[in-house]
Amino acid sequence: MKSISKTVWVLSLISLFTDMASEMLYPVMPLFLRQIGYSVIFIGVLEGVAEAVAGLTKGYFGKRSDRSGKRLPFVQAGYSISALSKPLMIFFIHPLWIFFCRTADRLGKGIRTGARDAMLRDESTAITRGTVFGFHRSLDTLGAALGPAVALIYLYFFPGDFRSLFLIAFFPGVLAIFCTMLIKEKKHPAKEQVRSSNSVFGFLHYWKESNAGYRRLITGLILFALFNSSDVFLLLKIREAGLSDTMVIGIYIFYNLVYALLAFPIGVMADKTGLKTIFIAGLILFSIVYSGFAITSHLYVFIFLFGLYGLYAAATEGISKAWISNIVSKKDTATAIGTYSGFQSIASLLASSLTGLLWFYFGGKITFLITASLALLLVFYFLQLPKPQHNED
């Protein structure tokens, strides 16, 4: 554990508390909005816009962090905005207020993500990057398992009491804010100012400035994001198979626990065997999972597949950011990861829309088989990418 510094521990605990608060509300957010009278259309528009805000601002604020040479102010502001916005949603039910609070929560994510990942990069070396990013993903995802578990237990004893649950979710958010005060930022030289756009889309200029290895990697990652739709479709599949709402949430918790337990050891393994090798193995697992969902309707098979799905996530999410960090300049880390996150959010939004259309016209089986086939084809793209060249400047 020598490679896990105090700063990595604190950042990981911050993510744990924040994800615990967010995921405590994620399964019940649609139910709460329906309870106060909002339509499915409004809920869909709200979530789509909120995620778009998060995606686009990751690149913008990542670039701002690199240009200023500062990380901590963005981390503190981002986590604080997300923590404070959640309980505000219960005080008024006007659509504009709900829209403002939900968007503010996602804006906080956009502000902090690039700067936080750059801090993780600074706390690692080329040979420990998978370990550090894997450890962070492990604790982050542990929060994603604990949150729904708390919600499930609370609503079992107090069914329908969503407002109190929003207030409960405020407390882990406050713990996250407190933890940000424990970080001491290293000094970074500000990036040399160049003429470029200051708009939300200004980060896209980095695509032209970046090296060829970064562009080739991001192209593959975005292609994957274009058919890697929301996990909601997997949950919908098991719900249609006859599982109860409680069982669906339970399996979702199981998936997050598997992900949390495996992200760290897989990160360590990736540093030894290669980030590219582990990422490709994750893609193959993704294809197996979606193929399985296309052909089965048995509870125990679903549980097994969600276990494999947790293994896939552990082999790809943190690993992809570690891979990006290894091939870009240190001074561009927040911009590079933020740019990727911006593209990924837009692609994910398109992926869920396309998956919904495929499901509507052809059914879940065909949709999952198409997704599995595309993942296998993408394996050949990643196989021809060169081995990452470490960049520590």
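The legends below describe several close-up views of a predicted model of one protein chain.

Residues are numbered from 1 along each chain as its sequence is written, and side-chain values use heavy atoms, with hydrogens and water left out. Because the model is predicted, local features need pLDDT of at least 70 and side-chain atom pairs count only at pLDDT 80 or more, whereas totals for chains, interfaces and linings use all residues.

**View 1**
The protein chain has 15 helices and zero strands, where helices (H or I, at least four residues) and strands (E, at least two) are DSSP runs numbered from the N terminus. Of the 393 residues in the protein chain, 55% are buried; buried means under 20% relative accessible area, exposed means over 50%, and partly exposed lies in between, with a 1.4 Å probe and protein chains only. The protein chain exposes about 17,300 Å², of which carbon and sulfur atoms supply 70%, the areas coming from the Shrake-Rupley method with a 1.4 Å probe. Among contacts (heavy atoms within 4.5 Å) between residues at least 6 apart in sequence, 85% join residues at least 24 apart.

Helix H7 covers residues 162-180, and its 19 residues should span 27 Å at 1.5 Å a residue, which agrees with the 28 Å between its end C-alpha atoms; the expected span is 1.5 Å times one less than the number of residues. The buried residues of H7 include Phe-162, Leu-165, Phe-166, Ala-169 and Pro-172, together with Gly-173, Ala-176, Ile-177, Cys-179 and Thr-180.

Rings of Phe, Tyr and Trp (its six-membered ring) pair if their centres lie within 6.5 Å, and planes under 30 degrees apart count as stacked, over 60 as edge-to-face and the rest as tilted. By this rule the count comes to 29 aromatic pairs. In one of them, the rings of Phe-293 and Phe-306 have their centres 5.4 Å apart and their planes at 85 degrees, so the pair is edge-to-face. This pair links distant parts of the chain, with Phe-293 in helix H12 (residues 275-295) and Phe-306 in helix H13 (residues 299-327), 13 residues apart. Phe-293 is buried at 0% relative accessibility, and Phe-306 is buried with a relative accessible area of 2%. The rings of Trp-323 and Phe-382 have their centres 6.1 Å apart and their planes at 50 degrees, so that pair is tilted. It also links distant parts of the chain, namely Trp-323 in helix H13 and Phe-382 in helix H15 (residues 364-383), which are 59 residues apart. Trp-323 is buried, with a relative accessible area of 2%, and Phe-382 counts as buried at 0%.

**View 1. Thr-316 in helix H13.**
Thr-316 lies in helix H13 and counts as buried at 4% relative accessibility. Leaving aside residues up to four places away in sequence, Thr-316 touches Phe-279, Gly-282 and Leu-283. Thr-316 and Ala-263 are 53 residues apart in sequence, while their C-alpha atoms are 9.1 Å apart in space.

His-136 is found in helix H6 (residues 129-157) and is buried at 1% relative accessibility. Residues up to four places away in sequence are not counted, and His-136 then touches Leu-11, Ser-12, Ser-15, Arg-116 and Leu-120. Glu-123 sits in the loop between helix H5 (95-122) and H6, and at 17% relative accessibility it counts as buried.

In helix H10 (residues 232-240), the buried residues are Phe-233, Leu-234, Leu-235, Lys-237 and Ile-238. Just after H10, Gly-242 takes a positive phi of about 110 degrees.

Cys-101 counts as buried at 1% relative accessibility, and Cys-179 counts as buried at 9%. With a disulfide taken as a pair of cysteine sulfur atoms within 2.5 Å, the count comes to zero disulfides.
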